[in-house]
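Have a look at the fold first, then read on.

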Amino acid sequence: MEPTQKCKALVLHCIDFRFRKSLALFLESRFGDSYDLVSVAGGVKELVSGPQDHNFILEQLEISDRLHKPKLIVLIQHEDCGAYGGSATFGDFSKEQEFQKSELAKAEALLKQQFSQPVEKYLARLSGEIIAC
């Protein structure tokens, strides 16, 4: 069955309220209101570290894919994520950035096994800057 409604993107990011405004502006500037959003604590954390069978996040992404056939998958991690212990866990931003890039790369590899869409990866800073990874 072909979906009746298609969207431009499927976005996965963390629930952290500190990034809501900057992420909303970023996403709306790129996709208008034509994107599905999955927002869970830790962003890709459960996707890459949890069991793949009955993985809540993966199930949500599959539903979006089936119903709305997004053209693109967007993954956004952020600085100072409490699900990973916050910035203090890493000592400095460069270590935190490398860790989050690694998490994003794991998520991208997993999603490429399941979905045909291209994947874009980003890291959001507390300053509001959004860095392509």
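## The sheet

E3 and E4 run parallel and are joined by six bridges. Within that pairing, His78 has Ala124 in E4 as its bridge partner. A word on the ground rules: this is a predicted model, where local features need pLDDT of at least 70 and side-chain atom pairs count only at pLDDT 80 or more, while totals for chains, interfaces and linings use all residues. Residues are numbered from 1 along each chain as its sequence is written, and side-chain values use heavy atoms, with hydrogens and water left out. As for the labels, helices (H or I, at least four residues) and strands (E, at least two) are DSSP runs numbered from the N terminus.

Zoom out and you get an open sheet of five strands in the order E2-E1-E3-E4-E5, with mixed pairing; two strands pair if DSSP finds at least two bridges between them. The edges belong to strand E2 (35-39) and E5, each of which pairs on one side only. From one strand to the next, the twist averages 25°. E1 and E2 pair in the parallel sense over five bridges, and Leu10 has Asp36 in E2 as its bridge partner. E4 and E5, on the other hand, run antiparallel and share three bridges, with Tyr122 standing opposite Ala132 in E5.

## Covered strands

What about burial? Here buried means under 20% relative accessible area, exposed over 50%, and partly exposed in between (1.4 Å probe, protein chains only). Five of the five residues of E1 are buried, so this strand is largely enclosed by the rest of the structure. In a regular strand the side chains alternate between the two faces of the sheet. Both faces of E1 are covered, with Ala9, Val11 and His13 buried on one side and Leu10 and Leu12 buried on the other. E4 is mostly covered too, with five of its six residues buried.

## Helix H4

Helix H4 (residues 93-114) has 22 residues and spans 32 Å from its first C-alpha to its last, close to the 32 Å expected at 1.5 Å a residue; that expectation is 1.5 Å times one less than the number of residues. Its buried residues include Phe93, Leu104, Ala107, Leu110 and Leu111, along with Glu96, Glu103 and Glu108. Seen down the axis of H4, the buried residues fall within an arc of 170°, so they line one face of the helix; the arc is taken from the directions from the helix axis to the C-beta atoms.

Which parts of the structure do the buried residues of H4 pack against? They pack against helix H2 (45-49), helix H3 (56-68), strand E3 (73-78), strand E4 (119-124) and strand E5 (130-132), contact being heavy atoms within 4.5 Å. On the face turned away from the buried side, H4 carries the exposed residues Lys95 and Gln113.

## Cysteines

Cys14 is buried, at a relative accessible area of 10%.

Lys69 isn't a glycine, yet it has a positive phi of about 40°. Lys69 sits in the loop between H3 and E3 and is partly exposed at 36% relative accessibility. Asp80 isn't a glycine either, and its phi is positive at about 65°. Asp80 lies in the loop between E3 and H4 and is partly exposed, with a relative accessible area of 23%.

Definitions and conventions:
Axes fitted to C-alpha atoms, helices over the stretch in contact; angles between N-to-C directions.
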